[in-house]
Amino acid sequence: MKIKLSELNKPETLDLKETISFFCNIKSYLIRATKNGNQFGVLEVEDELSSEKFYLFGEIYVQYSPTLSENKSIIISGKFSPKRFNKHELEFKIDTITVES
C-alpha cells in the first residue's frame with residue numbers, strides 16, 4: 001500500500017496487515033552511539049507535506065547505513081507493530097529502504 005508520509009501519523013486509517021511504502025527525501029542522516037557503544041542511525045525524511053524521524057538499529061542500520069546521505073530520494077517500506085515496551089501503542093518498523101537513482 002503506497003501512502004504519503006503524513007499518513008504514518010494516522011495508523012487507524014491504514015490496513016495494518018499490508019506492507020506500507022512511501023517516497024521521501026532524506027533531510028538529514030546522523031550516526032550516533034548508544035551508551036554501550038553500539039552505533040545507530042537517525043534518519044530524518046520529508047515529502048511535500050511533512051517530515052518524520054526514524055531510528056535505525058541492528059540489521060537495518062548495518063544493511064542501509066552505507067547508502068544513506070542527505071538529499072537522496074528513497075522509498076521506505078515497512079509495517080506497523082506494537083511498541084516493544086508498550087504493546088498497546090503501534091510504531092512503524094522499517095523493513096527495506098530503496099535509494100532512487
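This is a predicted model: local features need pLDDT of at least 70, side-chain atom pairs count only at pLDDT 80 or more; totals for chains, interfaces and linings use all residues.
Begin by selecting the five strands, which form an open sheet in the order S3-S2-S1-S4-S5 with antiparallel pairing. At the edges stand S3 and S5; each has a single partner strand, so one side of each is left without a neighbour in the sheet. Viewed along the sheet, neighbouring strands are turned by 45 degrees against each other on average, direction ignored.

**The core.** Now select Phe22, Leu43, Phe54, Leu56, Ile76, Phe92 and Ile97: among the 23 residues of the largest nonpolar core, these touch the most other members. Two or more residues of this core come from each of S1, strand S2 (39-46), strand S3 (51-56), helix H1 (58-64), strand S4 (73-82) and strand S5 (90-99). S1 supplies the largest share, five residues.

**Phe92.** Centre on Phe92 and display its surroundings. Beyond residues up to four places away in sequence, Phe92 touches Leu8, Ile20, Phe22, Phe54, Ile76, Ser77, Gly78, Lys79 and Phe80.

**Leu5.** Leu5 is buried, with a relative accessible area of 0%. Apart from neighbours within four places in sequence, its contacts are Phe22, Val45, Glu46, Asp47, Ser50, Ser51 and Glu52. To close, take the C-alpha atoms of Leu5 and Glu52: they lie 7.6 Å apart in space, although the two residues are 47 residues apart in sequence.

Conventions: Residues are numbered from 1 along each chain as its sequence is written. Side-chain values use heavy atoms; hydrogens and water are left out. Buried means under 20% relative accessible area, exposed over 50%, partly exposed in between (1.4 Å probe, protein chains only). Contact means heavy atoms within 4.5 Å. A nonpolar core is a set of buried Ala, Val, Leu, Ile, Met, Phe, Trp, Tyr and Cys residues joined through side-chain atoms within 4.5 Å. Helices (H or I, at least four residues) and strands (E, at least two) are DSSP runs, numbered from the N terminus. Two strands pair if DSSP finds at least two bridges between them. Axes are lines fitted to C-alpha atoms, for helices over the stretch in contact, and angles run from 0 to 180 degrees between N-to-C directions.
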